[in-house]
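Colleague: Hi! Could you walk me through this one while I have it on screen?

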Amino acid sequence: MIRRSVSNLVSQKKPAVSREEMHGDRLMMPFVSVGCRKCRKCTEVCPTDAIEISEEWTVDIGKCIFCMECVESCPSSAVKEVPAPLYADRRDGLIFGVSRPPGESEGGIEKSKAEILSDSIAIRELDTGSCNACEVEVNCMSNPFYDMSRFGMKIVASPRHADVLLVTGPMTRNMKAAALETFEAVPSPKVVVAMGTCAISGGIFVEGDVFGEGIKDTLDPDIYIPGCPPSPGRVLIALLKAFGRD
Amino acid sequence: MIFNSSTPCDPEILAQYLGTFYADGWRIMSMFASESSPGATLNVILRRGSEIVRITSEVDGRYPAVTPRVPSASILERTIWEMNGIVPEGHDYLVPSIFWRKGNGHPLQKGGYFADGESRIPIPKNHVSGTGVYEIPVGPVHAGVIEPGHFRFSAAGEPILRLKIHLGYAHKGVEKLFEGPVKQNLSHLAERISGDNAVAHGLAYAHAMEGDTDIPARARYLRVILSELERIHNHLDVIAGLCTDSAFSVAAAYGAEAREELLRANHELFGNRMLMGSIVPGGVKRDLSADQIHKLENVVMRAGFAAMKVDGYMRRSPSEVDRLETTGVLETEDALRLGTVGTVARASGIVSDVRADLPYDAYGALSFNTVSRNKGDVMSRAAVRVGEVTESVSIILQCITDMDKGEIRTETETPEGFSMGIVESPRGELLHCADIRDGNIWRYSVRDPSVVNWPALELAVLGNIVPDFPLINKSFGLSYSGNDL
């Protein structure tokens, strides 16, 4: 009796989430469309200097850690939470303002590369000194909910077996040489993905013992996936879209 | 917690002094240097049960090492030597611990570190010789999705003769980033010291920064709920990881599923899967509505049952039990000698838990057991984690019952002087120390439980076969980022 009620509590059905549900997995970012009085309160509270106010209010979600301190501190409630795009194929594609509001992600991985790599994507995760939150999420990509293998994606043990280098972390100085060697070991054509705020811009650690601002000064990312950390569903959908498979 | 009282000690007799404490059953929690002019102040924090003592010693560039008398000081003295340039004379293994580079100055010196002409210090070989002995270097980039670290095994055939762990690849200079005006709220930085232990680090930072401010009752209960949610998801990860590493896929899938359900609930209830951004000095950021509390109750019960279910699968499978039992034994004597903390210590028979010994927030008003085992093998560590999940579920349910409506945040004033935050993170006793002078953080020291537990891993693997290393490593469940800072 007890055993039956316990087993009913732990789900019996296959939990895998559909593509539609993963598309619905939203990441909220701060944004101002109207009403900014340029009091600069938001720039003061931002822990990563992601907000700039000159001609207009702009936010760089490559630097944002999505803490929403700006939303809470805005005296005129002009800073609002809006859905963030999945990815960008250029670094400056993550900077938004009134003249460039956030929308659907466009572009992706070069057509020639995406065609050669085809429908089977082998991923090597490379941690360049992250806080481990991104690793937790990458591990979750293969749990029964996200089950990445149903999309033809898998995590491989060696960079020599990989097509995609999924890079997390702010590129610490101690990790730079190893990261470059790992990059060299991946056969061409290779795709580099910067996952999470640290890998994109150095994030909260940019003033610390790290090399440059994110991994772009060491490796050349093909796409950038914002989030701190980005949720597993968003990373999967971003990869599918960037490969032109969604 | 403000902790201004300290016992000064002459550096020449520091080793003897700490030796007498060690003989009396005290354990060094942390040891770090805080620069002053001239020289520097060594801070040693000792704990025995619920008693804490701070010993300070003014040193000038060198002092006789403590390690020969107190073995657990070894890793802490290596870090002081490397980061502050203070030489512990007579230390028997003076090898870099996290920085591994040589330039001008030292990273934690106030004068600063200059990278010009910098060279990397090569990682030492293991120096084990004999017929058929070979060395396996592993990392920093590993086969799985884990953080970077370098391991050197000396093996003869299958059994491991020696393991040396060299970390530091995730070194981001976090302690230095904390230095600055106390007014700025750095809880986001604290949470990212180790992202999977965000609540524990955020809470330790809050405790160090809010001094002895009275925190509203509801916030104290919410802090406990957050801490225990984090403990459950970390423990479920390790339990599921043990099943994955021993190729027991069914149980691993159930464990991973339970953890994902919890992470999703975290997102729904607190706005972040890792519970980041929940704790601030002075209280917590989000309150829970009655509906959310109902949801929380449901979720933690399911997580508790899932842990028991996975545990049942593991125990009913003879091949799994065979793999986990007597693997990676850490003897009680070694666990004590190396000053291990947390689940690792409790699996080796050391009953110690900050929540029970030095209750913080609402823990004093709650009843729970400290789970421990005696054998010190992988199975014991798994059993401690399963037991702690059950205790955590009970703690959260008690909080839900006892919690009254009210404020969740209050104004705080950061005190001058020395303050500490001690919490029980999912990995064990976590300590944040802040030396605050003239409204500025002069020195901020973080001692993650991983720092003291890594050396114990070097001992626990001896005599085990190389393929069992991932299993033993997972059962310890240590942080690289929290260690490297």
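Colleague: Which residues touch the most other members of the largest nonpolar core?

Modeller: Keep in mind that this is a predicted model. The largest nonpolar core has 223 residues, and A:Val167, A:Val193, A:Leu236 and B:Ala303 touch the most other members. Helix 6 of chain B, residues 217-245, gives the largest share of this core, with 14 residues.

Colleague: What does B:Ala303 touch, leaving out residues up to four places away in sequence?

Modeller: On that count, B:Ala303 touches B:Ile232 and B:Leu236, then B:Ala258 and B:Leu262, and also B:Val389 and B:Val393.

Colleague: Changing topic: how many helices and strands does chain B have?

Modeller: Chain B has 16 helices and 17 strands. Its radius of gyration is 22 Å, close to the 23 Å from the globule rule for 485 residues, so chain B is as compact as a globular protein of that length. Along the principal axes, the C-alpha atoms of chain B fill a box of roughly 60 × 60 × 45 Å.

Colleague: What percentage of the residues in chain B are buried?

Modeller: Buried residues are 54% of the 485 in chain B. Among the chain B contacts with a separation of 6 or more, 68% are between residues 24 or more positions apart.

Colleague: How many residues of chain B are in contact with chain A?

Modeller: 37 residues of chain B are in contact with 39 residues of chain A. On the chain B side, helix 3 (174-178), helix 4 (187-191), helix 7 (249-270) and helix 8 each supply at least two residues. That side divides into 18 nonpolar, nine polar and ten charged residues.

Colleague: Last one: which domains does the assignment give for chain A?

Modeller: The domain assignment gives domain 1 (27-84) and domain 2 (111-242) in chain A. Their centres, taken over C-alpha atoms, are 27 Å apart. Ten residues of domain 1 of chain A are in contact with eleven of domain 2 of chain A, and the domain 1 side has seven nonpolar, two polar and one charged residues.

Methods:
Residues are numbered from 1 along each chain as its sequence is written. Chains are lettered from A and ligands numbered from 1 in the order in which they are written. This is a predicted model: local features need pLDDT of at least 70, side-chain atom pairs count only at pLDDT 80 or more; totals for chains, interfaces and linings use all residues. A nonpolar core is a set of buried Ala, Val, Leu, Ile, Met, Phe, Trp, Tyr and Cys residues joined through C-beta atoms within 7 Å. A residue is buried if 20 or more other C-beta atoms lie within 10 Å of its own, exposed if 12 or fewer, and partly exposed in between; C-beta atoms are placed from the backbone. Helices (H or I, at least four residues) and strands (E, at least two) are DSSP runs, numbered from the N terminus. Two residues are in contact if their C-beta atoms, placed from the backbone, lie within 7 Å. Domain bounds come from an automatic or database domain assignment. Ala, Val, Leu, Ile, Met, Phe, Trp, Tyr, Cys and Pro count as nonpolar, Asp, Glu, Lys and Arg as charged, and the others, Gly among them, as polar. The radius of gyration is taken over C-alpha atoms; the globule rule is 2.2 Å times the number of residues to the power 0.38.
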